[in-house]
Amino acid sequence: KEDFVNFSFDKLTNIRIKRDYDTFAIEFAKKAGDEWFMQKPVDTLADQQVVNELINNIRTAKADSKIEEKEVSNYDDFGLGTKSVSLTLKADTEELLINYGSKNPNGSLGYSSVNGSKTVTLVESKLLNDSMKAVFDYRDKKLSGINPAAITSFEVSYPASKEVYLFKKDHDFWYAADEKKSRVNSEVVDEMLNKINSARAAAAIDENSDEYGEASVQNGTGEITLSFASANTAENGVKISIGRNHPLNQSNCFVKTNYKKELLLINKNIKQDLIKKAADFAPKKCLDIKANNVNEIKLIPGDTIAVELKKSGSEWKINRRGSAEVNIAADSAKVESLVQSLQQAPIEHIAEEPAPVDITSGFEKATYEVKLGLTFSGRTESVFLIPSKYDTAPYVRCDEKNRYYKVPKNTLDEIIKLGREIAAKEN
């Protein structure tokens, strides 16, 4: 089958849709870069996926069949009279005009004419559907243009309770931006960023609306305010204010963002998901490590000599026992199980310094210590220290010297067991 149209799509800069039931045209222009903007009936960022899909569907379309002029007695029979939908594409001095009419009886194909031709061409009806969307469907619905993976600083505040949380990212993990660089639950912070990134507006409120001055999101106010920064200057200074629920549509709430001019309405459940307390940000695991970043391990039992292991490729080897250098193939499966147990070790409670003596006294002589060598350029080691009294006070110390983490005793038993079995390996 032959191509539906021939056109310089790579130079396309303007699109215009005109429908008989609208008093206005819908117009798009590609400004600096590759982004499409809606220019009429409102000036705003377009939904890139929707506009690009419209273009690509035309670019790849094939003419299913044609009805020559001599076979057409009345173009209104094909919806190609005054009721047709016109689509105009411009690329430099080149212009393409497509008129879409009605669909064939089974709805799979649509009638069309190209550049005023009297020949009626049948093409897939999805091309007509692309030009029949509601205006809002062509608008960008994102709250921001952030890329969660690129964000390195994130602040969330709740003005009513005067709670403010500022986080900084270091080697894939989030920390509180305080003097102690306190660990936080990185999964919660990442979930919040992903929630914001995936949120889509249910409606838009433009400048000519009486609701545009909604007080609950003006001047940095809001039930929740969010701000972001990254190495990408386009994301620096992005701010979002989430306000009250809409008085007439209680399922949505107001949002203002400096990413775009209009106010937005989003589902209130998104707001609810972003409401957190300090306890929600507390770390839930003992170590901030990823198993594939561990390349050295030092096992230091309290009653025997230390054993050091190094990773070569995917295999682990024991390279030192005490002061003696050795070269013994380790049980790599057990070593990886040990690393996974350390990575997943859950926190049941956090005790801050000054901690009770029944917790701290056991660290004068440790039962077992594991030091992990890391491939991070900025962090070379993580520590997991099990005290002598862990049977009665199962707390550990890790990379934060001012905190003690309570861990299930069976988890500590398993870590010690695996460590001893790995260290006992002989040639």
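# Hairpins, sheet and cores

User: What sits between the strands in the hairpin of β19 and β20, and which glycine takes a positive phi?
Analyst: Two residues lie between the strands, and glycine 313 has a positive phi near 70 degrees. This is a predicted model, where local features need pLDDT of at least 70 and side-chain atom pairs pLDDT 80 or more, while totals for chains, interfaces and linings use all residues. Residues are numbered from 1 along each chain as its sequence is written, and side-chain values use heavy atoms, without hydrogens and water.

User: How do you know that β19 and β20 pair?
Analyst: Strands are DSSP runs (E, at least two residues; helices are H or I, at least four), numbered from the N terminus. Two strands pair if DSSP finds at least two bridges between them. β19 and β20 have six, and they run antiparallel. So they count as paired.

User: What joins β20 to β21?
Analyst: Four bridges do, again antiparallel, with β21 covering residues 324–329. Isoleucine 318 faces isoleucine 328 in β21. This hairpin has two residues between its strands, and glycine 322 in the turn shows a positive phi of about 65 degrees.

User: Why do β4 and β5 stand at the edges?
Analyst: The open sheet has nine strands, in the order β4-β3-β2-β1-β6-β7-β8-β9-β5, with antiparallel pairing. β4 (44–45) and β5 (65–67) each have a single partner strand, so one side of each lacks a neighbour in the sheet. β3 (36–40) pairs with β4 over two bridges. Methionine 38 stands opposite threonine 44.

User: What packs on the sheet?
Analyst: Helix α1 (48–60) does, touching β1, β2, β3, β4, β6 and β7. Contact means heavy atoms within 4.5 Å. The direction of α1 makes about 95 degrees with that of β3. Axes are lines fitted to C-alpha atoms, for helices over the stretch in contact, and angles run from 0 to 180 degrees between N-to-C directions.

User: Why is the set with Cys286, Ile297, Leu309 and Phe384 called a nonpolar core?
Analyst: A nonpolar core joins buried Ala, Val, Leu, Ile, Met, Phe, Trp, Tyr and Cys residues through side-chain atoms within 4.5 Å. Buried means under 20% relative accessible area; exposed is over 50%, partly exposed in between (1.4 Å probe, protein chains only). This set qualifies as the largest core, with 36 residues, and those four touch the most other members. Several elements each supply at least two residues, including β18, β19 and α6. α8 gives the largest share, six residues. Apart from this core lies another, of 32 residues, among them Val42, Val51, Leu87 and Leu96.
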